[in-house]
Amino acid sequence: MTISVGPVSDSIASWLSGRGLPLALSEIVAVLVVCVLPVIGIVFPIAGVAQYFERKIAASMQRRKGPMVGAAGIVDLAADMLFFWLPRWKRRVIARRVERLPLLGALLRQVRQWGLGSMAADGVKMFLKEDMVPGGADRLLFRGSTYLALTGAFLAFAVFPFSQWYHMGDPPVAALYLGAVTGLVAVSILEAGWSSNNKWSYFGGIRAVAMIVSYEIPIALAIATICMWSGTMSLQGIIAAQYHPGWFSFSGWNLFQSPLLTLLAGVYYIAALAECNRAPFDLSEGESELVGGFHTEYSGLRWGLFFIAEYSDMLLVGGIFATLFLGGFQSPIGEQWIVSLPPFAEAVVHTLIAVAKALASVGFMMWIRWTLPRFRIDQVMKLAWTKLVPLALFCLFGLALTQLVAAQRVGVVQVVYGRYLSAPVVRMDLFSWFASWVLVGGAIGVVVWMAKRAAPAQTPEMRRLLGKEAA
Amino acid sequence: MNVEREGDFITLSMGPHHPATHGVLRLEVTTDGEVIRACKPDIGYLHRSIEKIGEFLEWYQFVPYTDRVDYVCSMNSNHAWVCAVETLLASSEETKLAIPERAEYIRILFAELNRISSHMVGLGSMTMDMGAFTPFLHALSQREFINDIFEKTCGARLTYNYMCVGGLVRDLHAGAEDEIRAMLKGLEKAMIDFNRLISSNNIFRARLAGIAAVSAEDAVSYGLVGPNLRGSGVDFDLRRDKPYGFYERFRFDVPLGKAYAGADGRLGDCYDRYVVRLLEVLESIRICRQALDQMPPASGVEDDPVGGWCVAKAAQKALRKPPVGEVYFRCENPRGETGYHIVSDGTKFPYRIKIRTGSFTAMSIFEKLVPGLMIADLVALIGSFDIVLPEVDR
Amino acid sequence: MSPVPSRNQSPGTALSFDAIFAKVQVRFPAAGAGSAPNGARWIEVPPPQALGVANFLKGDPALSFDSLCCLSGIDLLKFPAAEKDGPTSDALVCAYDLHSMVHRHEVRMKVSAPRIRPEVPSVESVWGVAGYFEREIFDLLGVEFSGHHDLRRILTPQDWVGHPLRKDYVYPQAYGGVELRREGQTFESGPYK
């Protein structure tokens, strides 16, 4: 019986056993390396520095500088290290002279503003804060909730497709597994809220559970629709179905196939925001109302683990969004060249692309967070049950119809993508594509126009406030 | 977790340390899930006995304490106090003071600038309570420009101690008028950006529309004043209806609530009060510009304290023996009517100072208004009333 | 926005103090007119009639005092006599500053309560804001307002002893175990004492 999670771990295991390690041990080590590497090498560092980037993005939107810890920058540090025998003031003079060089100096002066020391400062702060468990709190649950949150976030990475040749696992029911596993976060938040012995945390926990459970439905519907469209629940299969062997490989992506899929992408993204407790759905930690919500009583590294779980969740959800709608780890142009690379190179390039897409999605989430105000819990529920679920169902049925019609017109095709063969999928030809955009786009346009007509006109005071007319 | 079972309700203590209560306010809230069944405010955490302290200070020494009655709009509080004392002195020919025209204009100019900066804080805090952190900082950065102007004139950025009985401590600094004009222009643009970002946002409007609508009768009966009163549709503004200073010489509109939120909104809800404050900022900009236009030029004397106490012998003499009697004088502060009921016994110390503030009376309607709201709506309500605790507790 | 200067919205039905006082005195002969040397005038109402006068002032269509601007408590213990060697009072006075939104006129009403058992009827049923004002006067001056739904301290802690705004208030030595004043420190009028 071999212990393996795919070709990568096989190759590592054979290399290790070739070096003299017993086979079973080398297989176990290979599996551990393959499974732990994405988490330790990709997810943890991103979650760690995400706080810094979030603050810098927030600062630029709020027209301020943001974290400036360590803004002395690398020039001062380099001068200190290279000219260590000089007195401090002379080293600073050298540093300022270097910063006045034409191009290099401009770049270095810019880096000075980045305040990269705040990442280190954040980490040190989290480790050094007092680790308290509130009196009267349920000690086991209080401690366990952080671990459960992390578990929920990282379990899903087990099926995340980083590339063709490198992934931890590709079960044929990966999409189903994803939907199941992300629900653990809800349990962990409820656990945190309850065990803190704090009524405000309790409120945060209850709100979070209500919200996450409600938004599981649109997410599950979106995932189910994509599985229907791609003919398979395996994530690699879904990605394979989006392959287009021309130079403009993005035309195969699900986002552009049909307007219903674009709508579904929007539904999924909003529901994903709610799953991550991100603004405008951050009412479970709503700072203005609940102080800290479910994580009020957590300090230091325990809180740090919660926020790592949150950022990993964001990364995961962004990555799944990319997988389902943006072609996963495929590059937007010239994918056929990349997929023909040798395995190691292909793994590196594809992993970079996958992570880049996930990061772009995370950046968009941050952008949204600092722009929009927060919902109230009943508005959140209304949005989920009366707007997102019907919309997702509409997309589901619409896409089923589209598949039927297109299958009869154009027929189904099995796409060969690298080492994967997709399920029989429908490929929209130009006529179907135009027709679907015209039909559905027109219907949506009519609905929007009717809503605009029904909405009351803007009062002159509001127009004056918005600068549309002079005082 | 220990839950005291009072039926199925949870008793929460919101505050005194709470991000949304804008100070040390404690609300004992009894909730049924998210819906509040009862709310009992518990104030007094910031009670500094300013009124009692005033009885031990001479009339002119009380001005810095009026700064701290509401530190967000210090100039307006100063204005109310010095106008009240000047009204008291004006009741007798020996003590009547002649305040220079320029001093009156600068008083109104600075009072309106402080109204703008106070509304920046109030509006910004409200959006922050609703979860939009960015507009708060945009509003505060505009307020910093106003603070810069105040700092150059009187040396302080928050509690100015700038007005004194009889005039002002100092004249405007050199170049103040151009600075103020430039700042007002930038402010207008910034307000348009602010409104496009948040005021017309659907989520924001949905949070505030129809929440805690106060009828006009309730507003008058429960002592709501200022933008809270006008948000309920009552057309009353002290600057226009009981003008003090030179307010009759200015042209400005008084914005009223009109169920601006549309179909979901009601007259006197949180969104109305919010929009009334936004419009008041625009009106204050108008008044500032008119004040700058109408102001008589400076006297040209270096560091001329414009009628200030330091050189106004008349004020010095008058405050040693003011007339016996009492005066109730009210001014339109950003938070509403700030009234000073002062009783003088003819000595140089006030006998009794009673400070009537808008936020204190706004608290009186909480017990009636809050049941039925959700916790998130309570936060919106506190923000829309623009409660500042120093005013409530004095 | 408007082409004409902002106008005072007064409808022109404001009454003078004498007219208001005349109307009140017709209904409540016990009401008197008080005045101060600086020209301030008020309606002096004995405590039992305070609620009736308040209801009349609010309810009468020509008066319509629907807004209680300010309710302040004044301790007359150290107030000088009107004439030299004249009688002084040690009463606790509640001064009601009323304003009418309808007619835009104002009046002041004063209710004097004796120091020993100061009791004044609560006007909370007339003007809702009086609830808080009366709690403040009860807290700081000790006047009991009968008929108030929840008369307890509002600004000082619930277990505070004494009524701070009274002129004969003795500052406590300690509260909650914390020393509050230095030995021999007094709080007379005037600075630096």
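Helices (H or I, at least four residues) and strands (E, at least two) are DSSP runs, numbered from the N terminus. The model is predicted: local features need pLDDT of at least 70, side-chain atom pairs count only at pLDDT 80 or more, and totals for chains, interfaces and linings use all residues. Residues are numbered from 1 along each chain as its sequence is written, chains are lettered from A and ligands numbered from 1 in the order in which they are written, and side-chain values use heavy atoms, without hydrogens or water.

A cavity is a set of points, on a 1 Å grid over the protein atoms alone, where a 1.4 Å probe fits but cannot get out; lining residues have an atom within 4 Å of a point. Points are joined across faces, edges and corners, and volume is the space filled by probe spheres set on them. Six cavities of 30 Å³ or more were found. Helix α14(A) gives the largest share of its lining, four residues. Helices α8 (174–181), α10 (199–230) and α12 (259–275) of chain A also give two or more residues each. Among the lining residues are Tyr268(A), Glu275(A) and Asp313(A). By class, the lining has seven nonpolar, two polar and two charged residues. Here Ala, Val, Leu, Ile, Met, Phe, Trp, Tyr, Cys and Pro count as nonpolar, Asp, Glu, Lys and Arg as charged, and the others, Gly among them, as polar.

The second largest cavity has a volume of about 100 Å³. Its lining has 18 residues; Leu224(B), Val225(B), Leu229(B), Glu337(B) and Met101(C) lie nearest the centre. Nine of the lining residues are nonpolar, four polar and five charged.

Nonpolar cores are sets of buried Ala, Val, Leu, Ile, Met, Phe, Trp, Tyr and Cys residues joined through side-chain atoms within 4.5 Å. Buried means under 20% relative accessible area (1.4 Å probe, protein chains only). The largest core has 169 residues, and Leu113(B), Phe366(B) and Tyr96(C) have the most contacts inside it. Helix α11 (residues 270–294) of chain B supplies the largest share of this core, 13 residues. Another core, of 101 residues, lies apart from it and includes Phe154(A) and Ile377(A).

In chain C, strands pair if DSSP finds at least two bridges between them. Strands β1 (residues 32–35) and β2 (residues 41–45) run antiparallel, joined by four bridges. Gly32(C) is partnered with Glu44(C). The two strands form a hairpin with five residues between them, and Gly39(C) in the turn has a positive phi of about 100 degrees. Strand β2(C) also runs parallel to β5 (residues 106–113), through three bridges. There, Val45(C) stands opposite Val111(C).

Conventions: Buried < 20%, exposed > 50% of the residue type's maximum accessible area, 1.4 Å probe, protein only. 1 Å grid on protein atoms, 1.4 Å probe; cavity = no way out; pocket = protein on both sides within 12 Å on 5 of 7 lines; lining within 4 Å.
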